[in-house]
Amino acid sequence: IRHFSEAVAHRLGQTEREIQELGQASLLHDLGKLGIPDAIIRKPGKLTAEEFNEIKTHPALALHILGDHPRYTLARQIAYSHHEKWDGNGYPQGLKGEEIPLSARIVAITDVFDALTSVRPYKTAWTLEATIDELKRCRGSHFDPQLIDVFIELYEQGILQGIISRFPSGESH
């Protein structure tokens with residue numbers, strides 16, 4: 001997730017410092033899952049509504065864990081808002097469009113890309129092609145359309161595949 005997020009930020013023309021800060025902060029996007037029982041996190045099947053509601057608390061848990069130190073401002077922003085959706089149907093606040101911080105909009109894409117292309121207790125890994133098709137399908141609903149276009153460009157130019165090849169066992173997260 002870090003390297004994919006940094007690649008997007010680089011393509012957007014962010015400074016090296018901004019790119020590095022985004023990359024480091026992206027590593028903490030799911031920090032709040034430390035407060036979710038392993039039985040839910042590692043469940044091999046579909047979550048119940050109650051379990052999913054518990055998962056949805058992880059952004060707020062991350063805020064609590066990170067505290068209010070200024071050093072973690074970007075990490076808090078990402079952790080709290082990376083499940084918001086462009087169309088306003090995300091959580092925890094139901095933010096819409098550019099109300100969602102840019103950093104969280106970037107990590108939302110890279111997090112889903114990573115989740116779909118990785119083996120999880122509840123699913124097998126998707127192919128890159130199927131994953132890209134899904135991201136395109138969610139352009140403008142789940143994801144910022146302009147950022148999806150940037151991400152697709154990175155895929156078409158082989159940059160995402162280059163990142164993946166550097167971390168063949170999923171260490172790019």
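Helix α1 passes helix α7 in a right-handed crossing, where right-handed means that the near helix is turned clockwise from the far one by less than a right angle, and left-handed that it is turned anticlockwise. Helices here are DSSP runs of H or I with at least four residues, numbered from the N terminus. This is a predicted model, in which local features need pLDDT of at least 70, side-chain atom pairs count only at pLDDT 80 or more, and totals for chains, interfaces and linings use all residues. Residues are numbered from 1 along each chain as its sequence is written, and side-chain values use heavy atoms, with hydrogens and water left out.

In α1, Phe4, Ser5 and Val8 meet Ile106, Val107, Thr110 and Phe113 of α7, contact meaning heavy atoms within 4.5 Å.

Phe4 and Val8 are also among the residues that Phe151 touches, as are Thr110 and Phe113, when residues up to four places away in sequence are not counted. Together with Leu135, Phe151 has the most contacts inside the largest nonpolar core, which has 33 residues; such a core is a set of buried Ala, Val, Leu, Ile, Met, Phe, Trp, Tyr and Cys residues joined through side-chain atoms within 4.5 Å, and buried means under 20% relative accessible area with a 1.4 Å probe, protein chains only. The largest share of this core, seven residues, comes from α9.

Finally, Gly23 lies in helix α2 and is buried, because its relative accessible area is 0%. Gly23 touches Arg2 and Glu6, again leaving out residues up to four places away in sequence.

Definitions and conventions: Buried means under 20% relative accessible area, exposed over 50%, partly exposed in between (1.4 Å probe, protein chains only). Helices (H or I, at least four residues) and strands (E, at least two) are DSSP runs, numbered from the N terminus.
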